[in-house]
Every structure is written in C-alpha cells, then in structure tokens.
Amino acid sequence: MSYDPPRPTGRLLLTPEDRDAPARTRRLRGLGLGERPEPALDAFADRLAALTRAPYAMVNFLDEHGQFFAGLHRPERDVLTVDTDPDPGTGGDGDGTRREVGRRLARDHGFCPHVVVRRKALVLEDVCDYPRFAGNPVVDEFGIRSYLGAPLIDSTRTVLGTVCVVDLEPRPWGREGLRTIKAAAAELAPRLEGNGFPR
C-alpha cells in the first residue's frame with residue numbers, strides 16, 4: 001500500500017499530514033471496521049444527534065484513502081446533497097433526482113482528520129472564525145458551519161477515527177458539548193475492540 005501525504009495549500013497545510021494512516025488502516029481491517037455500515041453504530045450516531053440536538057452525527061473511521069461513516073445520522077430530508085446534473089435544466093442525474101452524500105468522504109474534506117492527527121477533541125462553534133478551517137471544502141460545498149468531534153482511541157493507543165456532530169448553523173457547543181463528545185468517544189472506543197456492539 002502506498003500513502004501520499006497531503007500537500008500544503010498556500011501557507012496553510014489545510015489537511016494535516018497523517019503518518020499513522022498505514023498502521024491505522026491495518027488496525028481497522030484487523031477489527032473488521034471501516035468498510036461497511038454498522039447498524040449499531042448508526043444507532044449510536046442517532047443517540048448522539050439527539051443528545052446534542054445536532055442534525056448530523058457520525059462514527060467516522062479514517063484509513064489511507066479517505067473517511068468512512070460506519071455510523072451516520074442525518075435528517076430525513078438531507079440538505080447535504082451534491083447536484084450531479086450535467087444539464088442544469090433537468091435536475092440531478094437528468095431524471096429529477098439529486099445524489100446524497102454517501103458514507104465516504106475524501107480525506108481533505110471535513111475536520112475529523114485534524115482530530116485524528118491531534119489526538120484530541122476539536123470544538124469549532126463557527127468554522128468561519130478560523131481561516132484554517134473556513135477554507136475546508138465542506139464549508140462551501142455542504143454549508144457546514146460548526147463541528148464538534150473527539151478521537152476514538154483504542155487500547156493499543158491507535159486513533160481509529162472519531163465521533164462527531166456537525167451543524168449548518170454556528171453552535172455554541174461550550175464546555176458541556178466538549179464533555180459530551182469526549183464521553184461519547186470514551187464510551188464507544190472499548191466497544192469497538194470486542195463484542196460491545198452487535199455485528
């Protein structure tokens with residue numbers, strides 16, 4: 001396997017270099033994680049969204065190639081869509097539909113790669129307040145304005161990924177939000193290694 005670290009854009013390295021990606025990929029594969037949706041992780045994301053009153057919540061695993069939301073909560077009417085219409089007059093794929101963002105995301109999209117490399121929680125009440133984060137593709141493409149995430153660190157001290165919530169509006173997550181997301185990560189991480197959730 002090969003791994004190409006991100007290149008700097010201007011003066012800011014918008015996506016941090018992740019030297020642990022190859023080892024993380026091996027660990028995730030060994031645990032059977034990061035390649036398919038997990039209903040129990042979807043349920044976990046549902047609970048996290050309800051707890052934080054956020055429209056989107058994810059259990060996100062990051063490997064050498066990108067990000068995978070093995071657990072995902074989103075509103076019934078998903079506003080995180082990508083218009084794939086080659087002809088703007090027809091809508092969507094030419095049949096009046098729009099393609100939803102799926103469970104995969106490029107590594108240079110979003111804020112979870114920062115959490116993984118930092119190995120600690122990240123609270124962005126308004127991403128536009130931070131030039132480093134305001135330039136992220138998810139801001140313009142999907143309208144993400146706030147983020148709250150924490151790393152999933154297993155017993156080998158490997159950061160497997162994150163638990164996170166996002167909103168399309170600025171959110172004052174505060175200390176309570178930070179405590180909530182860190183507690184969610186601490187609850188889930190040990191369950192990923194054993195039989196803590198049904199497969």
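On the outward side of helix α1, Arg26 and Gly30 are exposed, where exposed means over 50% relative accessible area, buried under 20%, and partly exposed in between (1.4 Å probe, protein chains only). This is a predicted model, so to speak of local features takes pLDDT of at least 70 and side-chain atom pairs count only at pLDDT 80 or more, while totals for chains, interfaces and linings use all residues. Residues are numbered from 1 along each chain as its sequence is written, and side-chain values use heavy atoms, with hydrogens and water left out. Helices (H or I, at least four residues) and strands (E, at least two) are DSSP runs, numbered from the N terminus.

**Helix α1**

- Ala21, Arg24, Thr25, Leu28 and Leu31 are the buried residues here.
- Looking down the axis of α1, these buried residues fall within an arc of 130°, so they line one face of the helix; the arc is that of the directions from the helix axis to the C-beta atoms.
- As a reminder, an α-helix has 3.6 residues a turn, so residues three or four places apart point the same way.
- The buried residues of α1 pack against β1, α3 (112-118), β8 and α6, with contact meaning heavy atoms within 4.5 Å.
- Just past the end of α1, Gly32 has a positive phi of about 70°.

**The sheet and the helices across it**

- Six strands make an open sheet in the order β5-β2-β1-β8-β7-β6, with antiparallel pairing; two strands pair if DSSP finds at least two bridges between them.
- β5 and β6 (122-124) sit at the edges with a single partner strand each, so one side of each has no neighbour in the sheet.
- β1 and β2 pair in the antiparallel sense over six bridges, and Asn60 has Phe69 in β2 as its bridge partner.
- α2 lies across β1, β2 and β8, at about 65° to β2, whereas α6 lies across β1, β6, β7 and β8, at about 35° to β7.
- For those angles, axes are lines fitted to C-alpha atoms, for helices over the stretch in contact, and angles run from 0 to 180 degrees between N-to-C directions.

**Nonpolar cores**

- A nonpolar core is a set of buried Ala, Val, Leu, Ile, Met, Phe, Trp, Tyr and Cys residues joined through side-chain atoms within 4.5 Å.
- The largest one has 28 residues, and Val59, Phe61, Leu152, Val163, Leu188 and Leu192 touch the most other members.
- Elements giving two or more residues to this core include α1 (21-31), α2 (39-52), β1 (56-62) and α6 (174-193), and α6 gives the most, with six residues.
- Beyond its neighbours within four places in sequence, Phe61 is in contact with residues including Leu28, Leu41, Phe68, Leu152 and Leu192.
- A second, separate core of 22 residues includes Leu72, Phe133, Ile144 and Val159.

**Aromatic pairs**

- There are three aromatic pairs; rings of Phe, Tyr and Trp (its six-membered ring) pair if their centres lie within 6.5 Å, with planes under 30 degrees apart counting as stacked, over 60 as edge-to-face and the rest as tilted.
- Phe111 and Phe133 have ring centres 5.8 Å apart and planes at 80°, so this pair is edge-to-face.
- That pair links distant parts of the chain, 22 residues apart: Phe111 is in the loop between β5 (104-105) and α3, and Phe133 is in helix α4 (residues 131-134).
- Tyr130 and Phe133 are also edge-to-face, at 6.2 Å centre to centre and 70° between the planes.
- Tyr130 counts as partly exposed at 37% relative accessibility, while Phe133 counts as buried at 10%.
- Ring pairs join Phe111, Tyr130, Phe133 and Tyr147 into a cluster.
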